[in-house]
Every structure is written in C-alpha cells, then in structure tokens.
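Subject: Structure handover

Hello,

Here is the structure for you to look through. My notes follow below it.

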Amino acid sequence: MEIEKFTDPGDFLSRTVNFRAQNEVTTQMIGRAAQAFLNGRGAQYEYANWWIVQSDTDEVIGLMMHTSPLNLVLSDMPENAIPSCVDAVLRDDPDFSGVNAPQHLAKIFIEILQAKETQNNRFSLAISLHSYVLGKLIEPDYSHGNARIADEQDFEIVRKWRQAFITETEIDTVDNDEVT
C-alpha cells in the first residue's frame, strides 16, 4: 500500500477522477475543495494537502484531504489502509485538528492515533453522522386522511415507531432512556 501526497489540486483531480466517479458520496467534498483551489478560491485556508491511497497494484482505493484549519477528511477505503493513512498524516501534516470520515474508519483512525505517542492523543470521537444513499426509489402507497399533531392517545404507537427507527438505523440517542 502506498500513500502519495499532493499539493497541486490539478494533479490530484486528474489522478482521482475515476475513483471519485465511483465513490461520489464520500469523495464529493474532497473533489469540490480541490476544484476550488484549482480555480483560485482557496484563500480562506492556511494550506491544503491531498493524499491518494493506492493498493499494491497502484489502484486508487481511497482519498484524504486536509484544508487547514479544518479537519482532515477521508473518503471510504479499506480498513487496512487506515494505519498507513495515520502514518502519512503524522509525517506530512501533524497539526491537523480532527478527522471526518465514514464512522467505522473514523473510529479506527482515532484508535490508531491514540495508540501512538503523539501530540494528537487528545482526539476522541465527538460526533457520529450517518449518510444513507438511496439505491432505488420505490413509490410508497399514500395514506388517505389529514396530518395532525400526535396526542396522548398516540403515545404507544409513536414510542414503538421511534424504537423501531432507532433499532433499524443503529442510532443510539442520548435521551433514549427518557422515553419508555
């Protein structure tokens, strides 16, 4: 596995066009930022670095970007690429302030970072967001009637719906115990 650093947004964009086209959701922010720099609209940042994560066969399997003072951003990539990513960032850009990545990758990145004795041991997972990608839209059957605000008679059905939503989406809410 090889991690290649870029400071030229044009070179980065041309080398990653296929990967970004295949992974639009997790690479959109990275591509747009590089395009902004290419078009001269990066003045609000102190500096920018981009990295390409390549397999042993030189296939692009992931991207990283840091536009200081914002957080490091990782695209989706194989989990086994994360240790090399941590090493590359600590080598090339050790003053990054945090990491935005798909949830499972962010957790691995932080665990590896915390295991290393660096100034960045201050990191912990602060916010976890989910992105859902619509594969196919299935037109729903529309209900008849009018919308209304739920009242006490609706408590049980709303509670069951809420619990099913939390279970299905694996979202653990802070106030989960407050509603039983």
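In what order do the elements of the protein chain run from the N terminus on? The run is β-α-α-β-β-β-α-β-α-α. That comes to five helices and five strands. Both are DSSP runs numbered from the N terminus: helices are H or I with at least four residues, strands are E with at least two.

Two notes on the source. This is a predicted model, where local features need pLDDT of at least 70 and side-chain atom pairs count only at pLDDT 80 or more, while totals for chains, interfaces and linings use all residues. Residues are numbered from 1 along each chain as its sequence is written, and side-chain values use heavy atoms, with hydrogens and water left out.

The sheet: five strands form an open sheet in the order E1-E2-E3-E4-E5, with mixed pairing. Strands pair if DSSP finds at least two bridges between them. E1 (2–6) and E5 (99–100) are the edge strands, each pairing on one side only. E4 (residues 72–74) and E5 run parallel, joined by two bridges. Opposite Leu 72 stands Val 99 in E5.

Helix H1 (residues 9–22) packs on this sheet. H1 touches E1, E2 (47–54) and E3 (60–68); contact means heavy atoms within 4.5 Å. The direction of H1 makes about 140° with that of E3. Axes are lines fitted to C-alpha atoms, for helices over the stretch in contact, and angles run from 0 to 180 degrees between N-to-C directions.

Chain totals: of the 180 residues, 34% are buried (under 20% relative accessible area, 1.4 Å probe, protein chains only). Among contacts between residues at least 6 apart in sequence, 58% join residues at least 24 apart.

Regards

Methods
Buried < 20%, exposed > 50% of the residue type's maximum accessible area, 1.4 Å probe, protein only.
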